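Q: Hey, can you walk me through this one? I'd like to start with a site from the database record and then look around.

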Amino acid sequence: MQASQSTVDPAEIAKFEAMAAEWWDPTGKFKPLHMLNPCRLDYITGQIAGEFDRDLSAQVPFAGLRVLDIGCGGGLLCEPMARLGAEIVGADAAEGNLPVARIHAEQSGLEIDYRHTTAEALAAAGEQFDVVLNMEVVEHVADPLSYLTACRQLMKPGGLHICSTINRNPKSFAVAILGAEVVMRWLPRGTHEWSKFITPDELIDLLKNSGVEPVDRKGFVFNPMSWRWSISDRDLSVNYVTASVKPD
C-alpha cells in the first residue's frame with residue numbers, strides 16, 4: 001500500500017466530529033480522556049526524556065524536538081507538548097475537531113500547527129518527526145498495518161513511536177463498551193467496536209511488521225476506588241501503551 005492512500009474509516013471520523021465541541025469539557029463526552037490524560041502524559045514524557053536524554057526538570061525539556069500527534073482531537077496532548085518546548089504538529093482526519101483545537105491553543109497562548117490531514121498524506125509529503133504520538137487511534141482505522149507503516153515513514157531514524165490502544169478480551173468488552181458506553185454513559189454508544197480492539201501481542205507483531213522495534217509496553221489501569229488511572233508493568237488487560245524506535 002502506498003503512503004498516499006488513506007486508511008481513514010469515514011464512519012469512525014463521523015463519530016468524533018459529532019462530539020468535537022466537547023473536547024475541552026472535563027465532564028462531557030471526553031471525560032474518560034481527561035481522566036486518563038495525566039497518566040498518558042507521565043508515560044509519554046518519561047519515554048521521550050529517556051530516548052532523547054532530556055531533563056524533565058528543565059524549563060523546556062523538549063526544545064528542538066519535532067513531535068506529531070496523529071488523531072490529535074481537540075489538542076489534549078498537543079498543548080502539554082508545546083508547553084514542554086516541542087515543535088508540535090497536531091493532525092486529525094476529522095476536520096470538525098480542528099477549529100476547537102486552534103481556538104483553545106490561541107486562548108492558551110500556544111503555537112501549535114494543527115492540520116486536517118492523515119498519516120499517509122503526511123508521509124507522502126516527506127514530513128519527518130522525532131516523535132510520533134499515536135494514542136487511541138489504531139483501533140479506529142481500516143487497515144492497522146498500513147496505518148502503522150505510514151507512522152514509521154514519518155519517523156526520523158532513531159525516532160520514537162508511542163502507540164496506545166485497547167486490548168480485545170471479555171474484560172475490555174465489559175469495561176470499555178458496557179461500562180463506559182452503557183452504564184457510565186461516558187461515551188456515546190457505538191464509539192468503539194470490540195472487534196477492532198487489538199491484543200498486545202497482535203500490536204507488537206504489527207509494529208514489527210511496520211518496520212519499528214518495540215522497546216516497551218505498559219498498562220493503563222483504572223482504580224474505581226480511588227477514581228484514578230495508573231501505569232502498570234503487568235496489567236495490560238484493557239488499556240495499554242507501547243513504545244517503539246525506528247532503527248538508525
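**Chat about the binding site**

Q: Where is Gly71 placed?
A: Gly71 lies in the loop between strand S1 (66-70) and helix H3 (78-83). Helices here are DSSP runs of H or I with at least four residues, strands are runs of E with at least two, and both are numbered from the N terminus. Just so you know, this is a predicted model: local features need pLDDT of at least 70, side-chain atom pairs count only at pLDDT 80 or more, and totals for chains, interfaces and linings use all residues. Residues are numbered from 1 along each chain as its sequence is written, and side-chain values use heavy atoms, with hydrogens and water left out.

Q: Which residues does UniProt list for "binding site"?
A: The unreviewed UniProt entry lists Arg40, Gly71, Asp92 and Met135. Its positions follow the numbering used here, feature names are shortened, and annotations may be inferred rather than shown by experiment.

Q: OK, Arg40 then. Buried or exposed?
A: Arg40 has a relative accessible area of 4%, so it counts as buried (under 20%; exposed is over 50%, partly exposed is in between, with a 1.4 Å probe and protein chains only). Arg40 is found in helix H2, residues 31-52.

Q: And what is Arg40 in contact with?
A: Leaving aside neighbours within four places in sequence, Arg40 is in contact with Leu33, Leu76, Leu77, Met135, Glu136 and Phe220. Contact means heavy atoms within 4.5 Å.

Q: Back to Gly71: why does it count as partly exposed?
A: Because its relative accessibility is 33%. Not counting residues up to four places away in sequence, Gly71 touches Ala91, Asp92 and Val137.

Q: Where is Asp92, and how far away is the nearest side chain of opposite charge?
A: Asp92 is in strand S2, residues 87-92. Asp92 is buried and has no salt bridge; the nearest side chain of opposite charge is Arg40, 11 Å away. A salt bridge is a side-chain nitrogen of Lys or Arg within 4 Å of a carboxyl oxygen of Asp or Glu. For charge, Lys and Arg count as positive and Asp and Glu as negative, while His and the chain ends are not counted.

Q: New topic: how do S6 and S7 run?
A: Strands S6 (residues 213-223) and S7 (residues 228-232) run antiparallel, joined by 5 bridges. Strands pair if DSSP finds at least two bridges between them. S6 and S7 form a hairpin with 4 residues between them.

Q: Last one: how many helices and strands are in the protein chain?
A: The protein chain has 8 helices and 8 strands.
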